[in-house]
Amino acid sequence: MFGPIIAKPGTSRKNKTGSWRTGAKPKFLQKDCIACRLCLILCPEGCIEGTQKNSFHCDYDYCKGCGICALICPKRDIEMISEEK
Amino acid sequence: MSDSIKKTLFASGHTACAGCGQSLAARLVLEVCGPNTIIANNTGCLEVFSTKYPESAWCVPWIHSLFENSAAVASGIEAALKFLGKKQNINVICQAGDGGTGDIGMQALSGMWERGHDILSICYDNEAYENTGIQRSGLTPYDASTTTSPAGAQSFGNPRPKKPVPEIANAHGIVYVAIASVGYPQDLQKKVKKALSLKGPKYLQIHVPCPLGWGHATELTYQIARLAVQAGLYPLIEYENGELVSSFKITPKPVEEYLKLQRRFRHVLNNSEEIARIQETANKNIKKYNLVVKNN
């Protein structure tokens with residue numbers, strides 16, 4: 001194990017880090033969204049997508065439930081809801 | 001998983017903590033750099049959480065060698081690309097945390113700047129060795145409590161001020177030096193774009209809050225980064241060829257607003273003398289970099 005180790009690009013996607021969430025997940029209400037894209041820009045996981053108003057949503061396979069998107073949403077259109085494991 | 005999430009160059013599934021400012025910054029930087037980029041990475045949080053063996057979150061060529069030598073590795077890559085006549089289309093980046101840049105990687109980085117390689121060096125400044133258990137680094141700010149500078153009866157945390165790495169970079173006479181923050185993502189991306197458009201050695205330092213090490217709620221990453229800027233503790237400035245060309249104007253907020261959200265500063269909140277010292281640092285920055293627009 002002293003030679004270089006080569007990993008394939010983007011293979012981290014097989015880690016479903018959504019299982020890290022501890023009790024809360026963001027719910028995208030898709031009611032008052034103005035498509036400002038702040039949630040998409042500021043997601044540390046890069047797992048939010050959407051282009052049009054009220055189309056934004058996240059991939060729960062990767063969302064770690066940090067809550068940045070819910071706090072930053074200027075229209076309060078994302079809320080953190082508790083989830084049963 | 002949909003196509004747009006698949007297309008990001010910094011893939012999901014990396015093992016950063018929830019609310020990590022560094023993973024956010026890395027994605028924002030890579031969005032600007034695009035696929036024609038080669039990255040050399042020092043050891044640090046970013047290297048560990050993005051490349052858990054046998055996986056990688058990077059969708060561009062990325063190499064890690066040691067804690068101290070990403071600048072030397074990147075220099076070699078840049079020289080090889082030049083020899084092959086391919087440098088003009090490819091961005092070479094060496095990146096590290098604050099420890100890998102300001103302490104351990106300093107001599108390789110200084111050599112790279114001095115030799116004038118066409119490389120952008122990026123420092124993701126989370127203000128301690130967060131990956132190994134929050135030990136103090138040279139870029140830890142004054143009074144921050146870390147595991148090697150713990151606050152207690154005999155101590156107010158880190159006794160030394162933050163190391164001025166951008167000024168050290170400037171002293172090398174490099175073409176571009178800038179400070180950015182994840183609290184201002186557009187400003188950050190604009191600075192990356194500008195840096196990549198210039199030829200020669202460049203240095204960009206990005207303030208990235210760390211929920212684990214700083215002891216703040218995971219959802220506050222963005223707000224805390226903004227408060228550091230608005231208090232004057234993290235001035236967003238730009239130098240070109242040693243000349244200050246822009247500084248982000250603020251309406252200064254008291255430093256307490258930034259400090260009170262973080263566990264690492266909890267011990268100074270009831271101590272007006274220590275807060276006054278931190279405020280003094282902010283005031284010095286405001287004066288030195290002309291951060292406030294005067295109405296006259």
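Which residues in helix 2 of chain B are buried? They are B:G21, B:Q22, B:S23, B:L24, B:A25, B:A26, B:R27, B:L28, B:V29, B:L30 and B:C33. Buried means that 20 or more other C-beta atoms, placed from the backbone, lie within 10 Å of the residue's own; 12 or fewer is exposed, and in between is partly exposed.

This is a predicted model: local features need pLDDT of at least 70, side-chain atom pairs count only at pLDDT 80 or more, and totals for chains, interfaces and linings use all residues. Residues are numbered from 1 along each chain as its sequence is written, with chains lettered from A and ligands numbered from 1 in the order in which they are written.

Helix 2 of chain B covers residues 21-33. Helices are DSSP runs of H or I, at least four residues, numbered from the N terminus. Its first and last C-alpha atoms lie 18 Å apart, close to the 18 Å expected, which is 1.5 Å times one less than the number of residues. B:G34 follows helix 2, with a positive phi near 80 degrees.

Now the partner chain. In chain B, 31 residues are in contact with 30 residues of chain A; contact means C-beta atoms, placed from the backbone, within 7 Å. Helix 2 of chain B gives the most to that side of chain B, with three residues.

Next, the core. The largest nonpolar core has 101 residues. Such a core is a set of buried Ala, Val, Leu, Ile, Met, Phe, Trp, Tyr and Cys residues joined through C-beta atoms within 7 Å. Helix 2 of chain B gives the most to this core, with seven residues.

Notes:
Helix = DSSP H or I, 4+ residues; strand = E, 2+ residues; numbered from the N terminus. Contact = placed C-beta atoms within 7 Å.
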